[in-house]
Amino acid sequence: MKHKKLITQMTLKEKIRLCSGADYWRTKPLKRLGIPSFTMSDGPHGLRKQKKGRDNLGVMQSEEATCFPPACLTACSFDPDLVSGMASAIGREASAKDVQMVLGPGINIKRDPLCGRNFEYFSEDPYLSGEMGKAWIRGIQKTGVGACVKHFACNNQEDLRMSSDSMVDARALHEVYLPAFKNALQAGPAAVMCSYNRLNGVYMSDNKAMIQGLLREKWGYQGMVVT
């Protein structure tokens, strides 16, 4: 495949460049190999492209875009076709704004009622979350814009999310927290975003058992994993 051939032509420094950003939202281009900068943007309920591209918190002004209902409401419809149509509309806006990937959908299970991101996740139910996530992914990727399903896995709180540790036993993990991701992967998302938090003591970005052992080897996912 073309990307494999390109990788063999890259220097170590060029490979490292692709693992860091030009800013919060864009990758660094590799002009020597004809690889352009790649733009990502929030969000699952309406495009949030920053005008200056240097803000990850939404403080700076964003491009005008349609504001859709959040996942906590669209999931109440139990209508995958509706969610797919909404995602397609977001994809068309992303294309118009020169965005190649939208960071969504968010399909984490709602564990703590105080989690500040619960509005962004579909449901407490793994099956419903997976079905809605799958529909969202298919809807946006029909437009040629990539989906990035998140946050893998067990992102259960926003407070101290970069240092928190989600302690989950094996049965709860595989019966409650992971089925939505496994289901959503059937739609072939362009990327999976790993969560900031630790899972049973190991940060997800370093969690070989979850990313290599489960996501790659057991589930067979071959797409990109975004930190």
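C76 is exposed, at a relative accessible area of 53%. The model is a predicted one. The sulfur of C76 lies 6.9 Å from the closest cysteine sulfur, that of C72, which is too far for a bond. A disulfide would require the two sulfur atoms to be within 2.5 Å. Across the whole structure, the search returns 0 disulfides. C67 is likewise in no disulfide. For C67, the nearest cysteine sulfur belongs to C72 and is 12 Å away. C67 is exposed, with a relative accessible area of 74%.

In general, the strands of a sheet pair through backbone hydrogen bonds, in a parallel or an antiparallel sense. Strand 1 pairs with strand 2 (residues 101–102) in the parallel sense, over 2 bridges. Within strand 2, V102 stands opposite S41.

S166 belongs to strand 4, which covers residues 165–166. S166 is buried, with a relative accessible area of 6%; the cut-off for burial is under 20%. Neighbours within four places in sequence are set aside in the contact list of S166. The remaining contacts are R111, C154 and N156, together with N197, R198, L199 and N200.

A22 sits in a loop. That loop runs between helix 2 (12–17) and strand 1 (40–41). A22 counts as partly exposed, at 33% relative accessibility. With neighbours within four places in sequence again left aside, A22 is in contact with T27 and K28. A22 and S37 are 15 residues apart along the chain. Their C-alpha atoms are separated by 8.3 Å.

Conventions: Residues numbered from 1 in each chain as written. Predicted model: local features only at pLDDT ≥ 70, side-chain atom pairs only at ≥ 80, totals over all residues. Heavy atoms only, no water. Buried < 20%, exposed > 50% of the residue type's maximum accessible area, 1.4 Å probe, protein only. Helix = DSSP H or I, 4+ residues; strand = E, 2+ residues; numbered from the N terminus. Contact = heavy atoms within 4.5 Å. Pairing = 2+ DSSP bridges.
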